Structures are given as C-alpha cells and as structure tokens.
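Dear colleague,

I am handing over the structure we spoke about, and below it you will find a summary of what was found. Please read it with the structure open beside you.

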Amino acid sequence: MTKCYSFSHFFFVMDRYLKAFLAVIIFLLTQMIVSAIFLLVMFLSCYNEGGTDNECLELCETAEQMSVALLLLISGAITVVALYCMKMIDLTTLKKVRNLTVKDCVLAVAGALSVIVFSNYVNEQLDLPDLLEESFLMLSRGWFSFVVVGVVGPIVEETVFRESILGELMRRGVGKWKAILISALSFGLVHINPAQVPFAFALGLVFGLIYVKTGNIVLTTLIHIINNCVSLYTIRIYGDDASQYQMSDFFGTPAVSALVFTAVGLIGVYLLWLFYKSEIVKD
C-alpha cells in the first residue's frame, strides 16, 4: 500500500513539471531541427552543382551565419504555435496590463534595468568564454537580424519561459518562488554559451518576479527588448573592439567601479521590492 502511494505521489509530482519540461525541449529541438534542415538543403544544393565536400561544408557554415536571424524567426514562430496548441499560452492575461499604474511600470523597469547593469558588471568579472562573440557581431550589423534578435527574440523567449513555463508551473500548483527558480534556471541553461548563462539566469529571476506580480509578459518583454537592443547597438558601435571595453574602466579604478555598480544593483533590488509590495488592482 505504501509503495503504491509512493508511486502515485511520484507521478503526481512529475505531472506538475512535465509540460514545463516539454516546453524547454520543444524550444531547443525546434531550433536544432530548423537549422539541420536548412544546412542539409544547402549542402545538397551545393553537392548537386558539383561542389566538393569541403566546399559545401564551408558554404553551409557561411550560410548558417548569414541566416541565423531567419532561422531564429522561423523556429521561434513554430515554438510559439506549438505551445499555444498545447494550451500553455493564455492570451487573456495581456488584458491585465491595464491594471498597472505608471508608478508600477517605472519601478519595475527602473529596478530591472538597474539589476541588469549590475549583473552585466558581475558577469564581466567572471570572464567566462564567449563562444558566440562573432555571431553577435554579425547579427548587430544587419537591420533585419537586429530586429529579430532585439525585438522578436525577447517576445518568443518571454512567451516560452515566463508565460508557458513559469505560468504553467504556477497553474499546476508549484510555489511561485520555486517556479521562478525553475524558469530562471531553464532560461540560463538554454543559452549554452558560458558567457551568457549566469547573466541569463539573473535576468530570469528578475523577469520571473515581475511576471508573478503582473500576471503577464508585457513589462518583461519591454525590458527584455531594451536589454537586447542596447547590447546589440553597443556591439554595432564598437565592432571588433567591443570586447576591449570593460565596465570596470568606466569610473577610473576597479574599486570605485565595484562600489558604483554594487550601489546600482542595490538600488535596483530596492525598486523591485517596492514594485513587488505595491498593490495592483485586480479585475
């Protein structure tokens, strides 16, 4: 009897996390499958035209870099449609944005951006390898790729990791703090690139907090778009020299920079605390 209860309890608990896990898998698999199909078509086209194996492989590598934005757009659209069909996206939550006051929005945006600045500084100090530095440089140069990564990307990621994963976990009775942690970990790990993982995890915590308070992805998407566009525009301005500019050099000495950015981070946490404690009128 005890063993049966243990098994039933195990499956009950697993069922609460199953859809969230599937959302992560769908997000990753869709990108991999779309990229694989694209590369296969490119390789076969080159091979049929008489190209050697090495020439075709080089062509695929170049074409993939040039078409990253298009691949992200296609895979993102497929992912969102799949999650909508799985009933993990509730469009009615968007109506809740009318309950937010200007004060709420200012506190959330200012607090989140302050924490993001501090997280960027900490991430820089970790000095983790950036495996996608060249890809980001390439993406920042074209306006189409800039719009896809800067605007469409955040919309897709917020739909997947906040609305679908975090929202689904909470709808299935998972505690809000545990749900925020799970969605943030998922968001950080799917970035794969070591230089992005800690920063994405920190963003996931901030966005999760805002989502839980507001019940929709409007504010988190806005902040996410601001972050991505500023990052891409910075890379666009400095180009190949972007990695040479360090936030720790902004205020003369590393010690002063550490104090300033820590203060910015603490202010951000305080503003987010005020936002979380504020009363948002319910329908």
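Helices here are DSSP runs of H or I with at least four residues, numbered from the N terminus, and that numbering is the one used throughout this message. Please keep in mind that this is a predicted model.

Starting with the overall fold, the protein has 10 helices and 0 strands, and 40% of its 283 residues are buried. Among contacts between residues at least 6 apart in sequence, 80% join residues at least 24 apart.

With the helices defined in this way, the second largest pocket can be described. About 360 Å³ of space lies in this pocket, and of the 19 residues that line the pocket, the closest to its centre are Val115, Leu205, Val206, Val269 and Leu272. H4, H8 and H10 each supply at least two residues of the lining, and H10 gives the most, with 7 residues.

The largest nonpolar core has 42 residues, of which Leu83, Val160, Phe161, Ile165, Val206, Ile210 and Ile223 touch the most other members. At least two residues of this core come from each of helix H1 (2-48), helix H4 (102-126), helix H6 (143-171), helix H7 (176-189), H8, helix H9 (218-238) and helix H10 (254-277), and the largest share, 9 residues, comes from H8. Apart from this core lies another, of 7 residues, among them Ala69, Val148, Val149 and Cys229.

Leu83 touches Ala23, Ile26, Met88, Ile89, Val160 and Ser164, when residues up to four places away in sequence are not counted. Phe161 lies in helix H6 and, at 0% relative accessibility, counts as buried, because buried means under 20%. Leaving aside its neighbours within four places in sequence, Phe161 is in contact with Phe27, Leu166, Ser183, Ser186, Phe187 and Val190.

How many of the 18 residues of H8 are buried? The count is 14 of the 18, so H8 is largely enclosed by the rest of the structure. At 1.5 Å a residue, the 18 residues of H8 should span 26 Å, and its end C-alpha atoms are 25 Å apart, which agrees. Thr214 belongs to this helix, which covers residues 197-214, and at 5% relative accessibility Thr214 counts as buried. A polar atom of the side chain of Thr214 lies 3.1 Å from the backbone oxygen of Asn216. H8 is followed by Gly215, whose phi is positive, near 80 degrees.

Lys87, with a phi of about 60 degrees, has its place in the loop between helix H3 (68-85) and H4, and at 71% relative accessibility Lys87 counts as exposed. Ile192, with a phi of about 65 degrees, has its place in the loop between H7 and H8, and Ile192 is exposed as well, with a relative accessible area of 64%.

Met32 and Ser75 are 43 residues apart in sequence and 8.7 Å apart in space, C-alpha to C-alpha.

With kind regards

Terms used
Residues numbered from 1 in each chain as written. Predicted model: local features only at pLDDT ≥ 70, side-chain atom pairs only at ≥ 80, totals over all residues. Heavy atoms only, no water. Buried < 20%, exposed > 50% of the residue type's maximum accessible area, 1.4 Å probe, protein only. Polar contact = N/O pair within 3.5 Å; in protein donor to acceptor, adjacent residues only side chain to side chain. Expected span 1.5 Å × (residues − 1). Core = buried A, V, L, I, M, F, W, Y, C linked by side-chain atoms within 4.5 Å. Contact = heavy atoms within 4.5 Å. 1 Å grid on protein atoms, 1.4 Å probe; cavity = no way out; pocket = protein on both sides within 12 Å on 5 of 7 lines; lining within 4 Å. Points joined across faces, edges and corners; volume = space filled by probe spheres on them.
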